[in-house]
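This report describes one protein chain. Please consult the sequence and coordinates shown here alongside the text.

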Amino acid sequence: MITGELKNKIDSLWEIFWAGGITNPLTVIEQMTYLMFIHDLDDTDNLKAKESAMLGLPYESIFAKEVKIGDRTVDGSQLKWSTFRDFPAAKMYSIMQEWVFPFIKNLHGDKESAYSKYMDDAIFMIPTPLLLDKVVNAMDEIYEKMAQVKSSDVRGDIYEYMLSKLATAGVNGQFRTPRHIIKMMVELMEPKADDVICDPACGTSGFLVAASEYLKENRKAEVFFNRQNKDHYMNHMFHGFDMDRTMLRIGAMNMMTHGVDNPYIEYRDSLSDQNPDREAYSLILANPPFKGTLDYDIVSTDLLKICKTKKTELLFLTLFVRMLKIGGRCACIVPDGVLFGSSTAHKAIRKELIENQRLEAVISMPSGVFKPYAGVSTAILIFTKTGHGGTDKVWFYDMRADGFSLDDKRTPIAENDIPDIIARFHNLAAEDGRKRTEQSFFVPKDEIVSNDYDLSINKYKKTEYKPVEYPSTQEIMADIRELEMKIGEEMAKLEELLEM
């Protein structure tokens, strides 16, 4: 989390874009992303040159000598951030537009790499030299502050803060999942070094980034000191799909900013026949779109066989089952209606998870978790794909607080159930004796089946009513008389003051 002066600098940069006519938050983040990449390219090149010099190894800078851009040949040194930032605004603008952007778009030779897919249709959209000059100066100040912050992932924190400004909810229920909820879900699932992780509705890649950060913090030696595991982490572990190309570019850069060289992030309608994945992943983390409805014609027939519906939240659950390997795990966010909906499709997907897979947990979240984007009530479903059942009991948890107020302001508060949820989930053996009046408890499968596979926590929890003792009528009347007398005395004093 970034605070103080660095946060103010980023807010100021945002205002510079806004005042310059770029008001779409996605466009602002895209342009800032490109410029961060150009700046980092210079820093990385200088660092590699120094390291090579210290080790006595040869190194040729990507900015060395002359660089061919289209039919022209230009001096490579002029493409460096540290060089062109000192040019007059008009010259810097023409260099950025005519040389730097074409240069970075074709920098990577492998056209199938995440970098090439991400940069292929990058467009320089800063409209004037004056605005570019202000933006470059503001970014230099941000990088100076970043150098003073003692954090291993200050760049990632900055990116998360930028993404938090995406406060627009789409018609298909798209909105950003709060970072602390993502982190909780990742900690519940504990990704492993050999996992193949997917988010079929990845947006800005929040779940994939959190999974990569978890592995860095908790399995560093296993992942990074093993050549095979490191290659898997960099090139084969992370998969994300989305139908919004802008989100894909931001998501890919988000992953690369967090140190994953080649994430597999691409355009795909996950629910259609475009998606061929079956039993491909060992872990799915997702918050799929709610409230969306699709035509049967564009939905994969495989999904409709299990759950014939047009509702995206039900189709995505069916998709997760199909995409997971046997033994694969899933943690996903669903709207409350999935838990208790009475339609044939609602019951079918719940029956599929309980009878044919192993449903482990239902974590009910308060309705304010997604504010200010939306006020929907949601839950987290955790299950393992077995293909032959295995559900004997389901763990329910009633989350009442997530560390933030449940209004539109979402200010930090002391009450927070998340640490308790994580601790209890990783020690479910100790939950057996819990009563239905407590925040978490087990419900046997037979009881859920007898209730039409209803997974709403309110169906099973019991409320303990404590008798409240009220004063007698005589006592209440005596109190009212006493108040009347005091009011009469005060009125008399007021009248005396007015007559003076």
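## Overall architecture

The model is predicted. Its protein chain contains 19 helices and 13 strands. Of the 500 residues in the chain, 51% are buried. Among contacts in the chain with a separation of 6 or more, 71% join residues 24 or more positions apart.

## Helices H2 and H4

Helix H2 (residues 25-55) packs against helix H4 (residues 89-105) at an angle of about 75°, and the two axes are 11 Å apart. Because angles from 65 to 115 degrees count as roughly perpendicular, H2 is roughly perpendicular to H4. On the H2 side, the contact is made by Tyr34, Leu35, Phe37, Ile38 and Leu41; H4 contributes Met96, Val100, Phe101, Phe103 and Ile104. By class, this contact has 10 nonpolar residues, with no polar and no charged residues.

Helix H6 (residues 129-148) has 20 residues, which at 1.5 Å a residue should span 28 Å. The C-alpha atoms at its ends are 29 Å apart, in agreement with that expectation. The buried residues of H6 include Leu131, Leu132, Val135 and Val136, as well as Asp140 and Lys145.

Helix H1 (residues 4-19) crosses H6 at roughly 170°, and the axes of the two come within 10 Å. H1 and H6 are therefore roughly antiparallel to each other. In H1, the residues that meet H6 are Glu5, Leu6, Lys9, Ile10, Leu13, Ile16 and Phe17. Their counterparts in H6 are Leu131, Lys134, Val135, Ala138, Met139, Glu141, Ile142, Lys145 and Met146. The residues of this contact divide into 11 nonpolar, no polar and five charged. An α-helix has 3.6 residues a turn, so residues three or four places apart point the same way.

## Residues with positive phi

Most residues other than glycine have a negative phi. Glu190, which is not a glycine, has a positive phi of about 45°. Glu190 lies in the loop between helix H8 (179-189) and strand E3 (197-199). With a relative accessible area of 32%, Glu190 is partly exposed.

Tyr453 is not a glycine either, and its phi is positive at about 60°. The loop between helix H18 (445-450) and helix H19 (473-499) holds Tyr453. Tyr453 counts as buried because its relative accessibility is 11%, and the cut-off for buried is under 20%.

Methods:
Residues are numbered from 1 along each chain as its sequence is written. This is a predicted model: local features need pLDDT of at least 70, side-chain atom pairs count only at pLDDT 80 or more; totals for chains, interfaces and linings use all residues. Side-chain values use heavy atoms; hydrogens and water are left out. Helices (H or I, at least four residues) and strands (E, at least two) are DSSP runs, numbered from the N terminus. Buried means under 20% relative accessible area, exposed over 50%, partly exposed in between (1.4 Å probe, protein chains only). Contact means heavy atoms within 4.5 Å. Axes are lines fitted to C-alpha atoms, for helices over the stretch in contact, and angles run from 0 to 180 degrees between N-to-C directions. Angles under 35 degrees count as roughly parallel, over 145 as roughly antiparallel, 65 to 115 as roughly perpendicular and the rest as oblique. Ala, Val, Leu, Ile, Met, Phe, Trp, Tyr, Cys and Pro count as nonpolar, Asp, Glu, Lys and Arg as charged, and the others, Gly among them, as polar. The expected span of a helix is 1.5 Å times one less than its number of residues.
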